[in-house]
Amino acid sequence: MNAFFNNTISSAVKQSILAKLQEAVEVNLGTAMTYTLFEYAKDNKEQFMENHQPVNSTIPISSIISVETPNTAPSSKKKEKKEQLSKAQKRKLADKTDHKGELPRGWNWVDVVKHLSKTGSKDDE
């Protein structure tokens, strides 16, 4: 409600609009409200603006729109360089991962049979 195109609306009218919208929020609590509130406001705009008296504010536009100047001071932090991978390293990484860049399920699982055949079981002793 405090956007620059609402400067001609008096604060009392803004407060009454917000109060009526708050009542609509309480009625529709627990439902999807964004579309409902916009439709409520659009349907009742005449009722909202019945006590509207245009306000001539003499606020200059430059004070409403804040203009930020870029910071010209040199930054003390250096950008971190990304690790450069060779084509072979990228290919190997792509072969290991799926289309999302994640390792497949079970990539670090141990094959128990293969492991025991290499190490031997305690029963063999």
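**Asking why: helices, contacts and burial**

Mentor: Start with K20, which lies in helix α1. This is a predicted model, where local features need pLDDT of at least 70, side-chain atom pairs count only at pLDDT 80 or more, and totals for chains, interfaces and linings use all residues. Residues are numbered from 1 along each chain as its sequence is written, and side-chain values use heavy atoms, with hydrogens and water left out.

Trainee: What makes a stretch a helix?

Mentor: A helix is a DSSP run of H or I with at least four residues; a strand is a run of E with at least two. Both are numbered from the N terminus. The protein comes to six helices and zero strands. Its pattern along the sequence is α-α-α-α-α-α.

Trainee: Which residues does K20 contact, leaving aside neighbours within four places in sequence?

Mentor: They are Y40, Q47 and F48. Contact means heavy atoms within 4.5 Å. K20 and F48 are 28 residues apart along the chain, and their C-alpha atoms are separated by 8.3 Å.

Trainee: Why are α1 and α2 called oblique to each other?

Mentor: Take the angle. The axes of α1 (residues 11-27) and α2 (residues 34-43) come within 10 Å and cross at roughly 140°. Axes are lines fitted to C-alpha atoms, for helices over the stretch in contact, and angles run from 0 to 180 degrees between N-to-C directions. Under 35 degrees is roughly parallel, over 145 roughly antiparallel, 65 to 115 roughly perpendicular, and the rest oblique. So α1 and α2 are oblique.

Trainee: Which residues meet there?

Mentor: K20, L21, A24 and V25 in α1 meet L37, Y40 and A41 in α2. Six residues of this contact are nonpolar, none polar and one charged. Ala, Val, Leu, Ile, Met, Phe, Trp, Tyr, Cys and Pro count as nonpolar; Asp, Glu, Lys and Arg as charged; the others, Gly among them, as polar.

Trainee: Does T97 count as buried or exposed, and why?

Mentor: Buried means under 20% relative accessible area, exposed over 50%, and partly exposed in between (1.4 Å probe, protein chains only). T97 has 18% relative accessibility, so T97 counts as buried. T97 sits in the loop between α5 (87-96) and α6 (112-119). Not counting residues up to four places away in sequence, T97 touches E102 and L103.

Trainee: What share of the protein is buried?

Mentor: Buried residues make up 10% of the 125 residues.
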